[in-house]
Amino acid sequence: MSEIDYSQKIPNNVNLNGDRTLQRALERWQPNFLGWWGEMGPADSARNDVYLRTAISVDPQGWANFGYVKMPDYRWGIFMNPAQEGRTAQFGESKGQPAWQEVPGEHRANLRRIIVTQGDTEPASVEQQRHLGLTAPSLYDLRNLFQVNVEEGRHLWAMAYLLHRYFGRDGREEAEALLQRHSGDVDNPRILGAFNEQTPDWLAFFMFTYFTDRDGKFQLSALAESAFDPLSRTTKFMLTEEAHHMFVGESGVQRIVQRTCDVMRELKTDDPAQVRAAGAIDLPTLQRYLNFHYSVTIDLFGADQSSNAATFYSAGLKGRYEEDKRDDDHVLMDRSYKVLEVVDGALVEKEVPMLNALNEVLRDDFIADSVKGVSRWNRIIEKAGFDFRLVVPHKAFNRQIGALAGVHLSPDGRPLTDAEWAQGAGRWLPTAEDRAFVASLMGRVVEPGKFAGWIAPPRIGIDRKPVDFEYVRFN
Ligand SMILES: [Fe+2]
Ligand SMILES: [Fe+2]
């Protein structure tokens with residue numbers, strides 16, 4: 001069942017042919033999706049031939065098939081990992097019982113909410129990134145952007161399928177609403193704050209794909225544990241696509257750091273003004289972008305204490321990251337976990353029931369994962385002989401959600417007065433001037449093998465093609 005049937009209007013490996021009503025409903029949603037893509041998807045891209053990978057099976061080997069595609073003709077489809085025979089719930093109250101193939105009535109509202117919230121982020125990021133193609137630093141990068149965009153579109157298909165297949169009329173309405181809300185729309189915004197922020201330039205794009213797509217990885221991993229088997233199988237396949245998005249982010253920032261260090265060595269200085277004058281992005285500006293994207297992203301994990309998180313876990317809807325690698329009872333009734341709060345102007349740790357702190361558990365797993373790439377970026381700076389080090393800010397820095405919202409802390413976690421915050425914010429978060437400078441560097445580079453002056457070329461191309469391969473053809 002892992003082969004994908006491309007002879008159908010909607011490519012799929014879920015036997016869509018076997019359910020005419022469902023098939024027709026999704027075939028009615030399809031033109032609406034394409035309308036959304038045309039209106040809100042990558043600007044001015046409809047006639048480009050893009051060297052993209054498309055899933056042709058969900059097998060670990062060889063699911064990625066590369067070829068030139070016009071993006072509106074991309075075969076967005078519905079793919080699930082194969083069912084595991086005899087799969088049982090791994091955690092919560094139904095631990096050990098058979099995984100569910102249909103939605104249990106008592107969990108219907110919560111499951112729908114989880115799927116809608118995940119589904120909403122997918123088109124949101126496409127909308128946020130829609131203008132970036134016009135300022136791509138190379139054809140290689142333009143291809144990567146478009147790859148991420150079509151796959152986020154496919155993730156939307158994945159969630160829309162679950163809504164249509166398992167949630168009846170409400171589900172169809174929710175799938176429609178996923179196309180109606182828009183990132184940053186005053187009247188009808190996307191559900192989560194970070195997905196209403198702009199992604200105005202390529203530095204923001206790389207930080208977003210490094211940090212915010214990694215939030216995606218952790219949310220999807222938690223959903224891959226779900227006792228609702230179709231959600232588990234769907235998110236498992238989405239994770240294989242997500243890995244490329246994070247690669248784009250990590251390698252993108254790494255190449256910017258590389259270029260900046262090359263310029264600093266040439267000039268024999270790390271003075272930001274001179275680095276900027278030479279057309280590269282100074283390291284303090286990189287740090288401010290990092291602080292922003294990191295803090296906005298860790299807010300996505302939600303309030304540090306949440307009764308919803310406890311309910312989702314106990315009910316078997318959403319697990320922890322790598323549930324099977326944890327040697328506790330997977331019920332967590334008498335476990336505790338440390339969260340932070342501010343008491344009399346000082347950050348203090350507080351033990352709370354772990355079930356209520358599962359957002360914080362997932363956030364901490366994300367943090368441990370995201371610092372690894374930052375240390376790889378630092379090795380480049382170290383190798384170039386400079387003392388500067390990029391660092392993720394304290395997890396209480398610049399938070400808008402949970403007990404730490406509205407509390408002013410420095411990036412190293414010192415509580416601040418409002419006046420101190422007002423004074424420091426411009427050193428810690430991107431200023432209008434930083435953004436204007438980065439924007440001033442953005443100009444489209446379309447000659448194969450050429451790269452904008454603020455980013456180093458990658459060491460190797462995509463799909464073993466050379467770096468100067470014509471990844472996008474303009475017609
Ligand atoms: Fe996604
Ligand atoms: Fe992604």
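## The core

Setting aside residues within four places in sequence, Leu-203 makes contact with Ile-256, Ile-281, Tyr-289 and Val-438; two residues count as in contact if their C-beta atoms, placed from the backbone, lie within 7 Å. This is a predicted model, in which local features need pLDDT of at least 70 and side-chain atom pairs count only at pLDDT 80 or more, while totals for chains, interfaces and linings use all residues. Residues are numbered from 1 along each chain as its sequence is written, with chains lettered from A and ligands numbered from 1 in the order in which they are written.

Leu-203 belongs to the largest nonpolar core, a set of 119 residues in which Ala-160, Leu-203, Met-207 and Ile-256 have the most contacts. Helix H3 contributes the most to this core, with 16 residues. Such a core is a set of buried Ala, Val, Leu, Ile, Met, Phe, Trp, Tyr and Cys residues joined through C-beta atoms within 7 Å. A residue is called buried if 20 or more other C-beta atoms lie within 10 Å of its own, exposed if 12 or fewer, and partly exposed in between, with C-beta atoms placed from the backbone.

## A glycine in helix H6

Now to Gly-249, which sits in helix H6 (residues 229–267); helices (H or I, at least four residues) and strands (E, at least two) are DSSP runs numbered from the N terminus. Gly-249 counts as buried because 24 other C-beta atoms lie within 10 Å. Apart from neighbours within four places in sequence, its contacts are Phe-206, Met-207, Phe-208, Thr-209, Tyr-210 and Asp-213. Met-207, as it happens, is also one of the residues with the most contacts inside the largest nonpolar core.

Helix H4 (residues 168–180) has 13 residues, and at 1.5 Å a residue it should span 18 Å; its end C-alpha atoms lie 19 Å apart, in agreement. That expected span is 1.5 Å times one less than the number of residues. Gly-171, Glu-174, Ala-175 and Leu-178 are the buried residues of H4. They cover an arc of only 100° around the axis, so they sit on the same side of H4; the arc is that of the directions from the helix axis to the C-beta atoms. An α-helix has 3.6 residues a turn, so residues three or four places apart point the same way. Helices H1 (20–40), H2 (108–128) and H3 (139–166) are among what covers this buried side, while the face turned away carries the exposed Arg-169, Glu-173 and Gln-180. Glu-173 lies 34 Å from Gly-249, C-alpha to C-alpha, and 76 residues away in sequence.

In helix H9 (residues 307–314), the buried residues are Ala-309, Phe-312 and Tyr-313. Viewed down the axis of H9, these fall within an arc of 95° and so line one face of the helix. Their cover includes H2 and helix H10 (358–383). Just after H9 comes Gly-316, with a positive phi of about 85°.

## The sheet and the hairpin

An open sheet is formed by three strands in the order S2-S1-S5, with antiparallel pairing; strands pair if DSSP finds at least two bridges between them. Strands S2 (64–70) and S5 (472–473) are at the edges with a single partner strand each, so one side of each has no neighbour in the sheet. S1 (residues 49–55) is joined to S5 by two bridges, and Asp-49 faces Arg-473 of S5. H3 packs on this sheet, touching S1 and S5, and its direction makes about 40° with that of S1; axes are lines fitted to C-alpha atoms, for helices over the stretch in contact, and angles run from 0 to 180 degrees between N-to-C directions.

Eight bridges pair strand S3 (residues 336–343) with strand S4 (residues 346–353), again antiparallel. Ser-336 is opposite Pro-353, and Val-339 has Lys-350 as its bridge partner. Two residues separate the strands of this hairpin, where Asp-344 takes a positive phi near 50°.

## Before helix H1

Ile-4 is found in the segment before H1 and is buried, because 21 other C-beta atoms lie within 10 Å. Beyond residues up to four places away in sequence, Ile-4 touches Pro-11, Asn-12, Asn-13, Ala-55, Ile-56, Ser-57, Gly-77 and Phe-79.
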